[in-house]
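Subject: Structure handover

Hello,

Here is the structure for you to look through. Please open it first, then read my notes below.

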Amino acid sequence: MSTRVVLRPTISRLHNEVDRLFDAVFPGAMTPQWMSGPRPGTTSMPAVNMWEDEQHIYAEAELPGLTPDQVQVSVLGDALTISGNRQINLPEGATVIRRERGDVSFERSIRLPAEVQSDSVEASLRNGVLTISMAKAPEHQPRRIEVRSGDASGAATS
Amino acid sequence: MKRKERGAMTNQTTAIDRSQPQAIEQTGQSPVNSPVSFRPVSDVFETDEAFFISADMPGTSSDAIDLCVEGQTLTVHARVQPRYDSNARAWLGEYGVGDFRRAFRIGENVDTERIDADYQNGVLTIRLPKHQDARPRRIEVRGG
């Protein structure tokens, strides 16, 4: 009969190696607190940036590690909802040395600054960045009004 | 100086926000194309054959990522293109966008010649194979 023995480096040496796999200080990289994910007081997930032009509202969220089938986007009236979940798969037989990323499940609804046409909503997920483009409802889009000259109209008579 | 991590999807934030839609007001804060670098949140795993580093780095691309090993230090720098037009009218600016930088100190048991990396869905995975003699060996013990 045979017995299997696994030879590993001595405990102290293993410890030493694990300790070495840590961050070195990286000069020049700094992050003001308010730029690091959700602002204090806004703990909602995911963090969202939103902006607009005359015709559209745009929203963006960073969702690294998610594939398009793991993200749902829906718009109803002036409410935008983003939901999804991420599961991190460890390599086969792996042990964790450092864990900062998480398995997350999220759902967030945000009121839009204007109603949008729900059939105009387009969402794309590229390199972990979700970008949503929404056309504003016609009544929320600026309307250009032509200013005619009084002479040409012929209507202004006195 | 202790730097904060960028990325909402850390271990601590697993909450589900199912509240009513949040009303938003124009905050005056624009989405920011940041001139400073961000520290990507990262996991480190180990198997018998290799170490693995997974780093959340959304919005870059494989040809914009530089990996450099110098001595026992592995540095990661990912360039991120500005995404926002500063003339746009902003409604929410909850995170800034800029390059990612982080350095990892690696042990002597890593075979630095064979490090490779893969960028998928905004996550960089770096594989650091161990030297052959640093891997656990199985030795048969025969009965006498």
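**A buried arginine and its partners**

Arg101(A) is buried, with a relative accessible area of 5%. Keep in mind that this is a predicted model.

Which residues does Arg101(A) meet in salt bridges? One is Asp56(B), at 2.7 Å from N to O. Asp56(B) sits in strand β5 of chain B, residues 50-56, while Arg101(A) sits in the loop between β6 and β7 of chain A, so this pair joins two chains. Asp56(B) is buried too, because its relative accessible area of 4% falls under the 20% cut-off.

Another is Asp43(B), where the N to O distance is 3.2 Å. This pair also crosses between chains: Asp43(B) belongs to strand β4 of chain B, residues 42-46, and the loop holding Arg101(A) runs between β6 (95-98) and β7 of chain A. Asp43(B) is buried, at a relative accessible area of 0%.

Now step back to the network. Arg86(A), Arg99(A), Arg101(A), Asp43(B) and Asp56(B) are joined into one network by salt bridges that share partners. Over all chains, the whole structure has 17 salt bridges.

**A salt bridge within chain A**

Asp78(A) and Arg111(A) form a salt bridge as well, with their closest N and O atoms 3.9 Å apart. Its ends lie in distant parts of the chain, 33 residues apart: Asp78(A) is in the loop between β4 and β5, and Arg111(A) is in strand β7. Are these two residues buried, exposed or partly exposed? Asp78(A) is partly exposed, at 26% relative accessible area. Arg111(A) is partly exposed, at 33%.

**The sheet**

Chain A has an open sheet of three strands. The order is β4-β5-β7, and the pairing is antiparallel. Why are β4 and β7 edge strands? β4 (71-76) and β7 (104-111) each have a single partner strand, so one side of each has no neighbour in the sheet. From one strand to the next, the twist averages 10°.

Look at β5, residues 79-86, beside β7. Eight bridges pair these two strands of chain A. In one of the bridges, Leu80(A) has Ile110(A) of β7 as its partner.

**Where to be careful**

Chain A has an average pLDDT of 75, and 68% of its residues score at least 70. Residues 1-22 are one, with 38 contacts beyond four places in sequence in the model. Residues 24-43 are the other, with 47 such contacts.

Best wishes

Note on methods:
Residues are numbered from 1 along each chain as its sequence is written. Chains are lettered from A and ligands numbered from 1 in the order in which they are written. This is a predicted model: local features need pLDDT of at least 70, side-chain atom pairs count only at pLDDT 80 or more; totals for chains, interfaces and linings use all residues. Side-chain values use heavy atoms; hydrogens and water are left out. pLDDT is the predictor's confidence in each residue, from 0 to 100. Contact means heavy atoms within 4.5 Å. Two strands pair if DSSP finds at least two bridges between them. Helices (H or I, at least four residues) and strands (E, at least two) are DSSP runs, numbered from the N terminus. Axes are lines fitted to C-alpha atoms, for helices over the stretch in contact, and angles run from 0 to 180 degrees between N-to-C directions. A salt bridge is a side-chain nitrogen of Lys or Arg within 4 Å of a carboxyl oxygen of Asp or Glu. Buried means under 20% relative accessible area, exposed over 50%, partly exposed in between (1.4 Å probe, protein chains only).
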